[in-house]
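Walk through this fold strand by strand, then look at the spaces around it. Keep the sequence and the 3D view side by side.

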Amino acid sequence: MPFARLATATTPTCHIGLGLAAVGRPGYINLGRDDDLGEDRGVETLRARTHELLDAAYAQGVRYVDAARSYGRSEEFLAEWLKSRPDVDDVVIGSKWGYTYTADWSTDAERHEVKDHSLAAYERQRAETEALLGDRLDLYQIHSVTPESPALTDGELHARLAEAAGRGLTVGFSTSGPAQADAIRAALAVTVDGEPLFRTVQSTYNALETSAGPALAEARDAGLTVIVKEGMANGRLAAAHAPEALRTVAEETGLGCDAVALAVVLRQPWAGVVLSGAATTAQLASNLHAAAVDLTDEQLSRLAALTEEPRVYWERRGQLPWH
């Protein structure tokens with residue numbers, strides 16, 4: 001298992017990963033992107049920014065990097081960085097298939113990505129990922145599985161994924177939407193020749209959206225590595241937009257709202273890797289302080305009151321504009 005490499009790391013930040021959703025393409029739904037990225041979001045500018053973030057993350061102990069076919073040129077930028085750093089041989093690389101990037105490097109496209117969990121989409125995107133990342137890819141995840149996803153019932157797809165696993169690739173899935181827990185439990189039941197297919201799960205979990213927690217604990221008990229995405233709720237928990245309770249706790253700790261928000265996730269016993277979606281090196285450095293945040297039970301109780309009903313949370317997320 002590639003994630004066993006993280007278990008031997010000694011840096012306190014080894015269980016914080018870097019997600020490339022915010023820097024692999026010019027448009028995304030994170031709040032504050034105008035301040036983070038400015039007006040120049042050309043390919044070369046974001047290529048340089050991605051490489052700068054990867055350098056900073058590696059220097060500070062980050063050992064998991066997460067990309068996706070739909071994150072614009074994230075795989076391309078990552079592959080170039082890996083080629084330029086032949087000394088970096090201890091990083092776990094994950095990517096995802098199931099969405100196709102369709103915005104053509106525009107921030108105001110009508111559609112930024114198209115979902116397709118078919119076998120044909122897997123084969124096409126697997127070849128695309130292979131061409132860029134080759135044998136550096138450790139983990140390939142189905143992107144945003146929901147309970148109704150055909151990826152949960154397609155036996156031929158499962159057989160192909162099992163073949164890839166047999167050749168050494170770790171197979172996982174990510175989830176989204178208000179029924180994440182149902183999707184996780186359905187995926188845990190998927191087997192090929194009597195063996196569980198999936199070895200990792202990546203789900204949204206943060207101070208506002210905690211509904212997947214019990215299912216993620218079940219996944220961890222079943223032997224899966226749990227990766228947490230959107231710990232900052234797409235910027236809703238950043239200082240500029242943070243609820244008062246979070247701002248108050250952050251002031252008490254002397255650290256940023258982002259560090260406190262990510263610390264809430266890190267303290268979950270089932271959380272194997274928590275992703276930073278930083279778009280700047282300053283944000284990354286602040287995110288990494290989460291490993292040092294020590295929250296009291298009373299502070300955690302105040303933060304727990306921020307939780308929203310899943311459908312309310314996901315409806316609001318669905319209304320966030322692509323910047």
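Strands β2 (residues 64-66) and β3 (residues 92-97) run parallel and pair over three bridges. Within this pairing, D66 sits opposite G94 of β3. The coordinates come from a predicted model.

That pair belongs to a closed barrel of eight strands. Follow the order β1-β2-β3-β6-β7-β10-β11-β12, with parallel pairing. From one strand to the next, the twist averages 25°.

Now turn to the helices.

A helix pair comes next. Helix α4 (residues 74-84) packs on helix α5 (residues 119-133). The angle is about 25°, and the axes are 9 Å apart. Angles under 35 degrees count as roughly parallel, so α4 is roughly parallel to α5. From α4, the contact uses E75, E76, L78, A79 and L82. From α5, E128, T129, L132 and L133 meet them. By class, the residues of this contact are five nonpolar, one polar and three charged.

What about the open space? Rolling a probe the size of a water molecule over the atoms shows where empty space is left. The largest pocket has a volume of about 1000 Å³. Its lining holds 49 residues, and Y28, N30, E230, N234 and G235 are the closest to the pocket centre. Several elements each supply at least two lining residues: α2 (33-37), β5 (113-115), β6 (139-145), α10, β12, α11 (281-288) and α13 (310-319). Sorted by class, the lining of the largest pocket has 20 nonpolar, 17 polar and 12 charged residues.

The second largest pocket contains about 230 Å³ of space. Of its 16 lining residues, F3, H15, R220, T225 and G272 are the closest to the centre. Two or more lining residues come from each of α1 (4-7) and β11. Helix α1 gives the largest share, three residues. The lining of the second largest pocket has 11 nonpolar, four polar and one charged residues.

Technical notes: Residues are numbered from 1 along each chain as its sequence is written. This is a predicted model: local features need pLDDT of at least 70, side-chain atom pairs count only at pLDDT 80 or more; totals for chains, interfaces and linings use all residues. Side-chain values use heavy atoms; hydrogens and water are left out. Two strands pair if DSSP finds at least two bridges between them. Helices (H or I, at least four residues) and strands (E, at least two) are DSSP runs, numbered from the N terminus. Axes are lines fitted to C-alpha atoms, for helices over the stretch in contact, and angles run from 0 to 180 degrees between N-to-C directions. On a 1 Å grid over the protein atoms alone, a cavity is a set of points where a 1.4 Å probe fits but cannot get out, and a pocket is an open set with protein on both sides within 12 Å along at least five of seven lines; lining residues have an atom within 4 Å of a point. Grid points are joined across faces, edges and corners, and a volume is the space filled by probe spheres set on the points. Ala, Val, Leu, Ile, Met, Phe, Trp, Tyr, Cys and Pro count as nonpolar, Asp, Glu, Lys and Arg as charged, and the others, Gly among them, as polar. Angles under 35 degrees count as roughly parallel, over 145 as roughly antiparallel, 65 to 115 as roughly perpendicular and the rest as oblique. Contact means heavy atoms within 4.5 Å.
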